[in-house]
Amino acid sequence: MTRRDWIHGWLLVLPAMAFLVLFTHLPAITTIWNSFFSTPRGRRPAMFVGLDNYERLLNDPIFWKVLTNNLWFALGTIPTSIALAIAMALFVNRRFMGRGFVRMAYFTPTVLPLIAVANIWLFFYTPGFGLIDQVIGLFGYGQTNLLGEPDTALAAIMVVTIWKEAGFFMIFYLAALQTIPPQLTEAARIEGANGWTIFRRITFPLLMPTTLFVSVNAVINSFRLVDHIFILTGGGPDNASSLLLFYIYETSFRFWDTAYGATLTVVMLALLCLLAIGQFFFFDRKVHYK
Amino acid sequence: MTHHGTETGRDIHLAKVSKHWDKTTALSDINITIPAGSFTALLGPSGCGKSTLLRIVAGLETASSGQVLIGGKDVTIAPADQRDLSMVFQSYALFPHLDVAENIIFGLKTRRVPRKERQDRLARVTALLGLEDYLSRKPAQLSGGQQQRVALGRAVIAERSVCLMDEPLSNLDAKLRQTMRTELRALQKELGFTMLYVTHDQVEAITMADQVVLMNEGRVEQVATPHDLYEKPATTFAARFIGTPPMNLFPAEELREAGVALERSAGRELTAGLRPEALHIAEDSPLHLAVTGIEYLGADALVHGRLGLAPLILRVPGQHPPTVGSKIPLAFAAQDLHLFDASTGKRVALPDVASSLSRVGLPAGSTGAPAPSLQTEDH
């Protein structure tokens with residue numbers, strides 16, 4: 001009897017486990033394995049090179065450049081998109097005419113295909129006759145090339161990302177807001193709290209589990225971004241808008257340096273793990289779970 | 001200038017208050033005064049508008065028309081945080097992420113009371129409510145009764161002159177509810193604030209309140225002391241709502257000649273009302289109750305039967321209840337007979353009830369309204 005239970009248990013886990021092992025664990029392990037070998041080329045097979053790839057990484061200025069870019073990108077997009085998401089969720093959680101329409105409008109960027117979104121923004125940013133230049137042209141400003149300047153390329157991509165992410169995060173905040181009993185706000189109001197105090201002392205702390213969830217996702221997303229860069233800037237100019245995953249993509253599949261690509265991937269995986277664990281520890285003390 | 005409050009309580013005055021949502025009318029033309037320092041219960045069945053009325057006083061809803069005055073000041077459109085009152089919610093509405101101490105002093109913090117004073121008041125309130133050992137716990141780690149005390153603590157710590165309560169005891173078990181009734185009343189007496197207390201439980205209203213506002217379908221049926229509400233119900237609704245089992249109501253003709261005489265002197269059709277405890281078994285009487293069933297309750301028994309066509313309940317001592325199928329002669333005292341207009345349901349006062357009754361040979365039983373034995377409604 002116990003023996004058969006054991007078999008049943010494994011059979012039930014098997015489908016999910018097969019996919020996990022095949023597409024997550026196995027690739028992760030092979031990646032780590034590959035990072036200790038050289039890239040096989042032509043008739044020359046891969047050779048064990050120890051930590052050579054890692055040494056190269058430490059001396060690679062482009063790696064440090066994209067890592068810094070990624071850091072600024074995360075710092076610039078995550079807090080802003082979370083703040084926007086909360087503000088939008090608070091707004092559409094109220095009762096007003098056309099609420100459904102506004103909710104839909106906020107969520108639209110999430111439903112649109114990434115490629116389409118990036119192309120639309122490409123038109124906005126187009127020098128000379130793009131939307132932005134046309135608008136600022138009305139005020140007498142000259143032509144801009146936001147995506148083409150090293151100083152503004154990353155910022156321009158950050159704007160697109162915030163626009164896209166905020167609406168997605170809003171859905172989570174909206175769902176969380178609707179689980180907060182209205183009596184809590186009423187009780188706080190009776191106790192003399194104004195709107196800002198209610199938000200600071202009641203609503204925001206009760207949204208903390210959502211904020212934790214959303215911020216972990218936001219960090220992962222910020223390290224995962226490739227598609228926008230692909231269409232908007234191609235990482236340029238001079239790697240000014242290149243992010244870690246985009247660099248990995250270029251190294252592995254454009255320059256076919258798979259070993260070095262694997263090494264970069266290992267670093268990114270380690271970084272993401274550390275960040276996620278850190279976030280959980282940091283937030284855990286401040287998060288109240290019901 | 002009129003006086004609107006003692007140093008601790010403020011009076012509440014509602015003038016022509018109505019509330020509509022689209023086409024539904026929740027409240028129509030409410031005019032009541034709640035004296036400063038009194039304990040007033042808003043009593044009524046579910047959906048009668050009592051909670052809406054409380055929320056209008058609290059400022060959580062605004063009246064569609066009419067005026068709300070607290071302490072003589074017009075607060076009809078003032079937001080809740082400017083009305084200077086406290087409230088206990090049915091669900092307690094404790095902040096789940098704050099511990100007991102933070103929950104209680106929440107209002108003091110928002111009103112920027114200095115830390116020293118906050119701590120002093122917290123110590124006093126927690127001692128009063130017996131919460132000293134739970135200060136650092138979260139609401140989820142407390143029992144229902146303890147949560148209730150925290151909600152009370154949050155309401156009384158600021159020593160506001162008006163306290164509103166929305167069915168605060170309905171989530172407690174029967175025994176705890178009974179002790180809390182006494183404690184709430186004592187607390188209100190001690191602190192002297194004006195209490196407006198919403199309940200659907202007649203026992204709570206009658207045992208605690210100085211004044212009961214009985215509501216039905218968005219209207220005020222009667223405003224009276226618990227005693228008057230029981231002794232002189234203004235309408236048939238009030239008569240049926242107060243008392244367990246409720247008052248027997250039947251067409252006055254069922255009282256035979258006496259009923260006919262009363263209707264003649266009133267000049268209209270009447271509904272007669274007699275409480276089960278006001279009826280007695282007589283030696284002989286023109287009125288007979290055909291017994292259809294006995295409900296034995298221990299100390300006493302309820303006799304179900306028919307007087308003519310009307311169903312009637314009579315409360316008798318439990319030792320020797322009559323047998324089913326027998327006919328028993330009935331008597332009652334003239335002052336225990338309530339008369340209502342048969343069409344409007346309003347109370348009718350006739351000066352000569354006693355003589356009408358004795359003229360037709362009804363024996364004048366002793367008055368049968370001992371201290372009303374009310375039973376707690378169990379949920």
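Which residues in helix 9 of chain A meet residues in helix 10 of chain A? In this predicted model, local features need pLDDT of at least 70 and side-chain atom pairs count only at pLDDT 80 or more, whereas totals for chains, interfaces and linings use all residues. Residues are numbered from 1 along each chain as its sequence is written, and side-chain values use heavy atoms, with hydrogens and water left out.

From helix 9 of chain A, A:Phe204, A:Pro205 and A:Leu206 meet A:Met208, A:Pro209 and A:Thr211 of helix 10 of chain A, contact meaning heavy atoms within 4.5 Å. The axes of these helices, which are lines fitted to C-alpha atoms over the stretch in contact, with angles running from 0 to 180 degrees between N-to-C directions, come within 5 Å and cross at roughly 55°. Helix 9 of chain A is therefore oblique to helix 10 of chain A, as angles under 35 degrees count as roughly parallel, over 145 as roughly antiparallel, 65 to 115 as roughly perpendicular and the rest as oblique.

Between chain A and chain B, the contact takes 17 residues from chain A and 24 residues from chain B. The two chains bury about 1,900 Å² between them, 65% of it on carbon and sulfur atoms, where buried area is the accessible area (1.4 Å probe) lost by two parts on being put together, summed over both. In chain A, the most area is lost to chain B by A:Ile190, A:Glu191 and A:Arg201, together 41% of what that side buries.

The chains share 2 salt bridges, each defined as a side-chain nitrogen of Lys or Arg within 4 Å of a carboxyl oxygen of Asp or Glu; B:Arg55 forms a salt bridge with A:Glu186, the closest N and O atoms being 2.8 Å apart.

Methods. Chains are lettered from A and ligands numbered from 1 in the order in which they are written. Helices (H or I, at least four residues) and strands (E, at least two) are DSSP runs, numbered from the N terminus.
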